[in-house]
Amino acid sequence: AEMDVDTIWMDGEFVDWNDAQIHVLTHGLHYGSGVFEGIRCYDTENGPAIFRWDEHLDRLYASAKPYDLDIDYSRKELTTATTELIRRQGLESCYVRPIAFYGYDSLGVSPAGCPTQVAIACWPWGTYLGEEALEEGVDVMISSWRKHASSQIPTNAKTTGLYVNSMLAGEEARRNGYVEAIVLNKEGNVAEGPGENVFLVRDGEIYTPGLAESILDGITRQTVITLARERGYTVHHNAAISRGELYTADELFFTGSAAEVTPIRTVDDTQIGTGTRGPVTEDLQSAFFDLVERRVDDHDEWFHYVNE
Ligand code: PMP
């Protein structure tokens with residue numbers, strides 16, 4: 001893909017985009033033994049600002065734990081690498097993708113002997129589900145695939161291998177003419193989207209599945225919960241949501257670093273509420289964009305300014 005970027009940070013060095021290569025017998029390629037992050041850096045009055053960098057770093061190191069993946073770079077090193085990448089390439093806003101994975105040694109399932117490789121790439125990335133999606137909402141289907149149970153794999157870790165499930169669900173949806181999927185967990189309750197958390201609004205109160213429902217604890221999810229509570233909404237952050245409740249919700253929306261806050265207007269062709277962006281969604285969506293684009297000055301602690 002040709003993008004307006006030319007540099008990647010890999011294993012401690014800045015390398016040309018096309019030279020950021022790995023061996024074909026890389027453990028992570030064969031067994032999905034990598035962990036990663038997806039982060040947005042927003043264009044603000046004070047230059048590019050990485051949103052909730054600290055929390056994303058926390059999650060990266062935490063994701064690595066169950067796999068004994070030893071990320072041999074400090075927070076400071078990864079921070080410097082990232083800010084330097086953004087500055088060097090003159091990016092005003094971008095998506096940031098750190099990844100750590102077991103590299104090449106032997107090809108047994110055991111990663112013993114495999115080095116841990118770490119890379120960071122940044123590139124300009126627009127709206128994830130389409131520009132009009134933010135206003136009009138997206139059409140989604142309930143996937144026929146279920147989420148991994150948290151007893152089968154740590155679903156709270158952002159592991160590369162997990163995303164084949166996301167790919168199956170998302171592509172099934174797109175093959176059927178939908179923009180995105182909602183995936184149920186093994187119990188049949190609402191888990192999340194392939195790369196988004198799900199929120200439901202009913203009678204003015206907000207519900208989102210709890211961590212025991214096999215979800216990734218999204219940082220946008222945490223942000224929206226905080227913003228909603230600050231605005232006086234009651235938020236049920238440990239909800240178990242049945243499939244049926246989706247169809248009768250007043251409003252539904254997705255959250256994610258990529259998807260930001262995206263309304264859902266239909267589920268399985270059933271109109272949600274009025275079939276347009278609902279008032280609570282709109283309220284939280286504006287609060288979110290006002291925050292990340294720094295039109296308000298609250299929660300400055302959530303921003304890592306690249307030029308400081
Ligand atoms: N669930 C899954 C499966 C995801 O991949 C993502 C994107 N990282 C999310 C939820 C949303 O998480 P966040 O808000 O931290 O991007």
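The domain bounds used here come from an automatic or database domain assignment, and the model itself is a predicted one. With those bounds, the lining of the largest pocket draws at least three residues from each of domain 1 (7-123) and domain 2 (133-292). This pocket has a volume of about 950 Å³, and of the 47 residues that line it, Phe36, Tyr95, Arg97, Lys158 and Tyr163 are the closest to its centre. Helix 5 (163-175) contributes the largest share of that lining, seven residues, while by class the lining of the largest pocket holds 23 nonpolar, 15 polar and nine charged residues.

The second largest pocket, with a volume of about 200 Å³, lies between domain 1 (7-123) and domain 2 (133-292), because both give residues to its lining. Helix 2 supplies the largest share of this lining, three residues, and the residues that line the second largest pocket include Glu55, Arg59, Asp217 and Gln222.

Turning to the interior, nonpolar side chains tend to be buried together in soluble globular proteins. The largest nonpolar core in this model has 34 residues, and those with the most contacts inside it are Trp9, Leu78, Ile86 and Val96. Among the elements that give two or more residues to this core are strand 1 (7-10), helix 3 (75-88) and strand 7 (116-123), and strand 7 gives the most, with six residues. Leaving aside its neighbours within four places in sequence, Trp9 is in contact with residues including Phe14, Leu78, Leu85 and Val118.

Definitions and conventions
Residues numbered from 1 in each chain as written. Predicted model: local features only at pLDDT ≥ 70, side-chain atom pairs only at ≥ 80, totals over all residues. Heavy atoms only, no water. Core = buried A, V, L, I, M, F, W, Y, C linked by side-chain atoms within 4.5 Å. Buried < 20%, exposed > 50% of the residue type's maximum accessible area, 1.4 Å probe, protein only. Helix = DSSP H or I, 4+ residues; strand = E, 2+ residues; numbered from the N terminus. Contact = heavy atoms within 4.5 Å. 1 Å grid on protein atoms, 1.4 Å probe; cavity = no way out; pocket = protein on both sides within 12 Å on 5 of 7 lines; lining within 4 Å. Points joined across faces, edges and corners; volume = space filled by probe spheres on them. Nonpolar A, V, L, I, M, F, W, Y, C, P; charged D, E, K, R; others polar.
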